[in-house]
Amino acid sequence: MLTSLSTDVLIVGGGIAGLWLNARLRRDGYSTLLVENAALGGGQSLKSQGIIHGGTKYALQGVLTGSSEAIAEMPRRWRDAHAGYGDLDLSGVRLLSEAHYLWSPGTLAGNLTSFFASKAMRGRVDPVKGAELPPALQDPRFKGKVYRLAELVFDVPSLIARLADLAGDSLLAARRIEPLRDGDELVGLRVDERDIRAQRIVLSAGAGNAALLAALGVERPAQQLRPLHMVLAKGPALKPLYAHCMGAGPKPRITVTSHPAADGEWVWYLGGDLAEAEGVARDEAAQIDAARREVGELMPWIDQSRTRWATLRVDRAEPLQSGLVRPDNAFLAEQDRLLVGWPTKLALAPDFADRVLAALRRDAIRPSAPPPPAGLPRPALARPIWEEWLA
Ligand SMILES: Cc1cc2nc3c(=O)[nH]c(=O)nc-3n(C[C@H](O)[C@H](O)[C@H](O)COP(=O)(O)OP(=O)(O)OC[C@H]3O[C@@H](n4cnc5c(N)ncnc54)[C@H](O)[C@@H]3O)c2cc1C
């Protein structure tokens, strides 16, 4: 039997973008419903490396145009949230590392040194040595330079769980989503047996946005998918490391984050150039070989004999790149009641929410709908990818 609900903002997609936005709107007194058709965080968010970039990596690539980029603000905003006095109260969320590191293996150190001494970078990076080095690099054979970036690394499963708590009764598990119209006007969505009317509908469904837009008969904005072939490694010789290793080009050769497994060992999650174009073209065995070679070359003191390996393919979902898209800001497009976007980075979830809130304020959309009823079917939390792998 069909039932009717109304809400101020109906959000589709429970990754970081939808969940952060939902919590922000609720904090400001809006009534919200967030519908998720799989598991919370199970799209890109739980497959991300959890690094709260502040733009240093992009400054290195020469693409950051200045302090107007939202990304530069993100480490401070997340730090405040984690301390309990920011946009949201994320105190209690597990932080994997207080800092991310940039590491240059030997020969390139000269270039990096002059780059980091440059005016653009002053105050954002500090060189580290000896006992301050990340544990995985503390070996007498380590040559090269390491810089500490003021960028946090979050345990994303714990972050998603906290945002799901902040969602209260507003989460709804969905199987089928269809447009709900009054004449030609989109006024909400039919979610299974519920007609949900809303003042605004936000699509934050990651790679799912394209199909949702098609179902609504909306052509723009177009979406692009960027495939990645990530690598997972686990073994007794792996110690914590959160770092971009710089190669000859502007992109990190590898980016490593580390995640504690239940048995006390560490799982390394490897991305960067390794996971991009050539990595995508390799099959699993060849990608594992390439990763072993990189780790062997860069950290020859690591005994790999008891390391287990696996790979994971995932697409990054973004707006189709054009001259209009700023690389280091969240993207949001609007059409009447419908808003659709991609944060483009986990770190930019606060910027995504800012953009939605700015659109609501501009249109004088004020909280008016009743809170969601208790007892709606709730979507599950997705499992961490290393738990999935090791199960
Ligand atoms: C390998 C990798 C590493 C990354 N590392 C970093 C990093 O270190 N730092 C950083 O800032 N960013 C990183 N990113 C980018 C970051 O993960 C993404 O930008 C961010 O997670 C996107 O969040 P989202 O909420 O838009 O999408 P998603 O996390 O993909 O969530 C979308 C949600 O919508 C749901 N959904 C889809 N279709 C529907 C539908 N029809 N109805 C209802 N629900 C639907 C999905 O099930 C999913 O739960 C990384 C990305 C990848 C792939």
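**Notes on the model**

1. Let me start at the hairpin of S17 and S18, where two residues sit between the strands and aspartate 336 takes a positive phi near 50°. Strands and helices here are DSSP runs numbered from the N terminus, with helices (H or I) of at least four residues and strands (E) of at least two. S17 covers residues 331-335 and S18 residues 338-342; they run antiparallel and are joined by five bridges. Two strands count as paired if DSSP finds at least two bridges between them. Alanine 333 has valine 340 in S18 as its bridge partner.

2. A word on the ground rules. This is a predicted model, in which local features need pLDDT of at least 70 and side-chain atom pairs count only at pLDDT 80 or more, while totals for chains, interfaces and linings use all residues. Residues are numbered from 1 along each chain as its sequence is written, and side-chain values use heavy atoms, with hydrogens and water left out.

3. Two further residues deserve a look for their backbone angles. Threonine 344, in the loop between S18 and helix H9 (349-362), has a positive phi near 70° although it is not glycine. Threonine 344 is buried, with a relative accessible area of 14%. Alanine 364 lies in the loop between H9 and helix H10 (385-390), and its phi is also positive, near 55°. Alanine 364 is partly exposed, at a relative accessible area of 43%. Buried means under 20% relative accessible area, exposed over 50%, and partly exposed in between (1.4 Å probe, protein chains only).

4. There is also a cis peptide bond, from arginine 220 to proline 221, with omega near 5°. Proline 221 is found in the loop between helix H6 (209-215) and S12. These spots are worth a check because most residues other than glycine have a negative phi, and most peptide bonds are trans.

5. Now the ligand. Which residues are closest to the ligand? They are Glu36, Gln44, Ser45, Ile51 and Ala347, out of 36 that surround it (a heavy atom within 4 Å counts as near). By class, the shell has 17 nonpolar, 15 polar and four charged residues. Here Ala, Val, Leu, Ile, Met, Phe, Trp, Tyr, Cys and Pro count as nonpolar, Asp, Glu, Lys and Arg as charged, and the others, Gly among them, as polar. Helix H1 (16-27) and strands S2 (32-36), S12 (223-235) and S16 (308-319) each supply at least two residues of the shell.

6. Finally, S2 itself. Five of its five residues are buried, with Thr32, Leu34 and Glu36 on one side and Leu33 and Val35 on the other. Strand S1 (residues 3-12) runs parallel to S2 and is joined to it by four bridges, with isoleucine 11 partnering leucine 34. The chain crosses from S1 through H1 to S2 in a right-handed β-α-β crossover (with the strands pointing away from the viewer, the path from the first strand over the helix to the second runs clockwise). S2 also pairs with strand S8 (residues 171-173) in the parallel sense over three bridges, where glutamate 36 stands opposite alanine 173.
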